Amino acid sequence: MFVIHFSRIRLYLLPVFLSSLVATGCSTTTSQSFNVVTNAEGETGYIAVGADFSIYDRLNAEDMGIYFPSDAAPTTQDQQQIRQIFRNAFLSELGAYKVVQGEKGPTTLSVQATLVDFRNASVRDIQSVRRELRDLARPGVVMFLMELKDSRTDEVLARAADSAAAPAFSTTADASTDWAAVETAAAGWATRFRRFLDDNLKQ
């Protein structure tokens with residue numbers, strides 16, 4: 001069973017409001033409130049107000065999302081390799097947790113990682129991603145996002161984002177992806193987000 005663990009976290013009372021657009025014939029705006037949390041390493045995340053992690057006893061690792069500008073994206077093969085490198089790094093950090101794949105249920109918490117490369121993005125590219133990513137990502141940077149969601153309702157219960165180390169991806173025929181840098185970045189980001197899980201979910 002997971003329980004909220006705040007012993008190493010400074011919880012701020014400042015609510016963060018993030019909006020999402022839901023298309024149902026017409027556009028409706030909904031809001032969700034998050035508390036900002038910071039751990040001992042100074043890393044910041046967002047926990048949904050009223051989130052109760054005590055009901056979950058397993059993690060469902062969802063497929064990783066990758067977003068590149070339409071005219072500056074690696075090949076499909078490279079994107080698949082990038083996705084696999086990040087997935088392997090992340091799963092290797094989850095040894096203390098019960099991890100399942102493709103399983104939804106009342107005690108299953110979904111984990112989804114998303115890589116957004118906005119270094120060469122146009123305004124049109126930025127507007128093409130979902131609202132939550134536009135609220136967190138900044139033009140000109142690479143961002144890695146992790147979201148914890150209820151597996152049945154897809155309600156986001158926690159978010160953590162980081163835009164530190166940015167590997168070089170192949171976006172043209174005469175440029176090659178720096179795979180060693182990708183491995184290093186994936187390992188670093190995976191460690192950061194495992195700490196985020198440890199700080200907020202204690203078995």
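## What counts as a cavity

On a 1 Å grid over the protein atoms alone, a cavity is a set of points where a 1.4 Å probe fits but cannot get out, and its lining residues have an atom within 4 Å of a point. Grid points are joined across faces, edges and corners, and the volume is the space filled by probe spheres set on the points.

Before we go looking, keep in mind that this is a predicted model: local features need pLDDT of at least 70, side-chain atom pairs count only at pLDDT 80 or more, and totals for chains, interfaces and linings use all residues. Residues are numbered from 1 along each chain as its sequence is written, and side-chain values use heavy atoms, with hydrogens and water left out.

## The chain and its confidence

You'll find four helices and nine strands here (DSSP runs, H or I of at least four residues for helices and E of at least two for strands, numbered from the N terminus). Along the sequence they come in the order β-β-β-β-β-α-β-β-α-α-β-β-α. Of the 203 residues, 47% are buried, meaning under 20% relative accessible area with a 1.4 Å probe, counting protein chains only; over 50% is exposed, and in between is partly exposed.

The chain averages 75, and 74% of the residues score at least 70. Strand 4 (residues 58-61) has the highest mean, 92, while strand 1 (residues 10-23) has the lowest, 32. Over residues 1-30 the pLDDT is below 50, though beyond near neighbours in sequence this stretch has 84 contacts in the model (heavy atoms within 4.5 Å). Where pLDDT is low, the predicted coordinates should not be read in detail.

## The largest cavity

A search of the whole structure turns up two cavities of 30 Å³ or more, and the largest has a volume of about 90 Å³. Its lining includes E62, F86, V111 and F144. Helix 1 (76-92) gives the most, with four residues, and both helix 1 and strand 7 supply at least two.

## Two residues to look up

S110 is in strand 7 (residues 108-117), and it counts as buried because its relative accessibility is 0%. The side chains of S110 and E62 make a polar contact of 3.4 Å (a pair of N or O atoms within 3.5 Å; within protein, one must be able to donate a hydrogen and the other to accept it, and residues adjacent in sequence count only if both atoms are side-chain atoms).

A175 is in the loop between strand 9 (156-162) and helix 4 (179-200). At 28% relative accessibility, A175 counts as partly exposed.

Conventions: pLDDT = per-residue confidence, 0-100. 1 Å grid on protein atoms, 1.4 Å probe; cavity = no way out; pocket = protein on both sides within 12 Å on 5 of 7 lines; lining within 4 Å.
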